[in-house]
Amino acid sequence: MSGWDEGAVYYSDQAQFPESGSDAAAATPSRHTILRKFKEFIRSFEADKNVFPYRESLIDNPKSLLVHLEDLLAFDTELPSLLRSSPSDYLPLFETAAAEVLQSLRLKEQGESGEMKEPETREVQILLSSKEDPVSMRLLGAHYISKLIKIAGITISASRVKAKATYVSLVCKNCQSTREVPCRPGLGGAIVPRSCDHVPQTGEEPCPIDPWIVVPDKSKYVDQQTLKLQENPEDVPTGELPRNMLLSVDRNLVQRIVPGTRLTIIGIYSIFQAANSSASQRGAVAIRQPYIRVVGIEEINESSSRGHAAFTIEEVEEFKKFASRTDAYEVICSKIAPSIFGEENVKKAVACLLFGGSRKNLPDGVKLRGDINVLLLGDPSTAKSQFLKFVEKTAPVAVYTSGKGSSAAGLTASVIRDSSTREFYLEGGAMVLADGGVVCIDEFDKMRPEDRVAIHEAMEQQTISIAKAGITTVLNSRTSVLAAANPPSGRYDDLKTAQENIDLQTTILSRFDLIFIVKDKRDYSRDKTIASHIIRVHASADRTSSNARAQAPPKEENWLKRYIQYCRTECHPRLSESASSRLQNEYVRFRQDMRKQANETGEASAVPITVRQLEAIIRLSESLAKMKMSHVATEADVVEAVNLFKVSTVEAAQSGINQQVTLTPEIKQAETQIKRRLGIGMRISERKLIDELSRMGLNESIVRRALIVMHQRDEIEYKHERRVIVRKV
């Protein structure tokens, strides 16, 4: 018999009243009933016995109250459906209920004159959250207008904070009478009446039409900000442009989101008349632009490093059990790109890159990066791009770009002028959007040098500084970079020096922790195994994928991604004492070897070994410890990291032809024959010389090596497009 004590008018059902009206009135409960239910919910909803979460959170934070729609459903089945179907009617009612409950919960305050008085009512903002699945941005249609919806995406821009009037104060220019007009929430305006209600006295001039003047100082305002939300890259269908949606946030949600953050929002799908619409549309009164008025932001992913992803207790148990296994590192490496044969060292490096080292903030404000950068350089068809594609799918946050199609602004950030307000704002590029993840850059060597310089700062300092069009700011780009490149001649040439093969500047090479030279070795048994592996992959592709889908639970496919996410958020290892001393000795030895090589060859190594490389080994050791979820990087981790560093960067620095090749007796013999055949100042065709020496029983490649060594020593020179050799004086 609920509702009997309400202040309502009762009447008997007379014949002159049509029945449909009374049914409709009975079907939707009155606003007073709903207001009372909302108040009851905030006051008396129990999570556990005698635990009142909403009442307590309202006292702790009187400005806003986060309500879970599932709790509301458990309390009353009617309220959530009302909120979903017409949120703009019932949300203000909910906020009024929260404000009244807060007022009743607070004690009386002492006034200036000393007497106790009731506390003044304060506004409370209701924020909603729900566990339902988000709707795709492409499915939002006219039937969702004025309904509550939930969508996910990535913010690409945020406007400045503006003041939005909630009540507009008007004054009549004729009779000076005042009135307050409420403003529609979101991007709607106020409806100003056309006439004044003042009744003129005798001899008084009546008020004209449209007499009202807005008094801005006496109006009431709240903060408002507009955001642009773009579809998540993984949700965009192939070949389509990502859609974006305008969001309007107000009060406590303002300035919580920076561009590049991934979020899931609950809001009211609304429409507004765009002021900047073209002249043809301005005449069409019925056409409106959609936007979403946000009433709840949730699941701000750890890409913004503010919130944590939710892991179930079972998952955490499973992760810890896996980490305690002795072969955890090997299992993880075997899960990296299983369709690619061999390349164990590259797989280990990719695993380290996905887990990353520990980011450190020093007391003097300096930040040391924890992300690992890897460069794969080498022959075509060595699965470099496959590794990049695998990382893009596996990393919790990843952006894939190609070198030729990326400009400096597209990688870092661009300044764009807003068409409606004509003010400039920033839109983050690939490095900003992948904050907290990985950027995969394919065809790294094809990038223009001026564009490549733009990512120098992002790779070491992990920030992007912008000073354009009156905007001076610093954006975060805490990303790992995985780059793939070809040598300048397309293939890796063993007859050239490392300097000629790795045609990148030292400045960018020193920022890569690991540099792999991936060669396509021609070896009978290896070729045979690779061929059988590839044929097997192609032959069983459909079968295995359908079987895997049938057998494996959906969690299994996503397991590595979740494990990486968990390790990155929970584990931040540091080096142990013994590991530190071991690392120190190794680094000093690397430097000595490089110095020795430089003295022998007379030129600096193509890949520098600097303090950055020492930091690289530290980061690798930390990421190896992170895979086992250990909080201390031991000596064993350092040994493995040093081995990885040796097979990658150190080998790259010593690769190619060096002057030590002169030591082999065959090359010395070939050199003697060339000098015997070619007198000082004489010239001869290279082809003819090689043919003559081949007839004498010398190998062609050894003759070519001997020529390269003589050319390095400046004993011969090439002319006519390297076809003719001239012996110098």
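Helix 26 (residues 686-695) lies across strand 25, strand 26 and strand 27. The helix runs at about 80° to strand 25. Helices (H or I, at least four residues) and strands (E, at least two) are DSSP runs, numbered from the N terminus. Axes are lines fitted to C-alpha atoms, for helices over the stretch in contact, and angles run from 0 to 180 degrees between N-to-C directions. Contact means heavy atoms within 4.5 Å. The model is predicted, so local features need pLDDT of at least 70 and side-chain atom pairs count only at pLDDT 80 or more, while totals for chains, interfaces and linings use all residues. Residues are numbered from 1 along each chain as its sequence is written, and side-chain values use heavy atoms, with hydrogens and water left out.

Helix 27 (residues 700-712) also packs on this sheet. Helix 27 touches strand 26 and strand 27, and its direction makes about 105° with that of strand 26. The sheet itself is open and has 3 strands in the order 25-27-26, with antiparallel pairing. Two strands pair if DSSP finds at least two bridges between them. Strand 25 (683-685) and strand 26 (716-719) stand at the edges. Each has a single partner strand, so one side of each is left without a neighbour in the sheet. Neighbouring strands are turned by 30° against each other on average, direction ignored. Strand 25 pairs with strand 27 (residues 724-727) in the antiparallel sense over 3 bridges. S685 has V724 of strand 27 as its bridge partner.

Another part of the model is built around helix 2. Helix 2 (residues 31-44) has 14 residues, which should span 20 Å at 1.5 Å a residue. Its end C-alpha atoms are 20 Å apart, which agrees. The expected span of a helix is 1.5 Å times one less than its number of residues. Buried residues of helix 2 are T33, I34, L35, K37, F38, K39, F41 and I42. Here, buried means under 20% relative accessible area, exposed over 50%, and partly exposed in between (1.4 Å probe, protein chains only). The cover over these residues includes helix 3 (53-60), strand 1 (64-68), helix 4 (69-75), helix 5 (78-85) and helix 6 (87-105). Helix 2 packs against helix 5 at an angle of about 115°, with their axes 11 Å apart. Their crossing is left-handed. A crossing is left-handed if the near helix is turned anticlockwise from the far one by less than a right angle, and right-handed if clockwise. I34, K37 and F38 of helix 2 make the contact with E78, L79, L82 and L83 of helix 5.

Strand 1 pairs with strand 4 in the parallel sense over 5 bridges. In strand 4 (residues 125-129), 5 of the 5 residues are buried, so the strand is largely enclosed by the rest of the structure. Q125, L127 and S129 lie on one side, and I126 and L128 on the other. Both faces are covered.

Strand 18 (residues 438-442) is mostly covered, with 5 of its 5 residues buried. V438, C440 and D442 point one way, and V439 and I441 the other way. Strand 15 (residues 398-402) pairs with strand 18 in the parallel sense over 5 bridges. Y400 is the bridge partner of C440 in strand 18. Strand 18 is also joined to strand 21 (residues 480-485) by 4 bridges, and the two run parallel. V439 stands opposite V481 in strand 21.

Strand 19 (residues 463-468) and strand 20 (residues 471-476) pair in the antiparallel sense over 6 bridges. They form a hairpin with 2 residues between them. A469 in the turn has a positive phi of about 45°. K468 has I471 of strand 20 as its bridge partner.

The largest nonpolar core holds 59 residues, of which V391, F516 and Y563 touch the most other members. The largest share of this core, 8 residues, comes from helix 10 (residues 344-355). A nonpolar core is a set of buried Ala, Val, Leu, Ile, Met, Phe, Trp, Tyr and Cys residues joined through side-chain atoms within 4.5 Å. V391 touches V350, L353, L354, A398, V438, C440 and L482, not counting residues up to four places away in sequence. A second, separate core of 34 residues includes L375, V399, V481 and I502.
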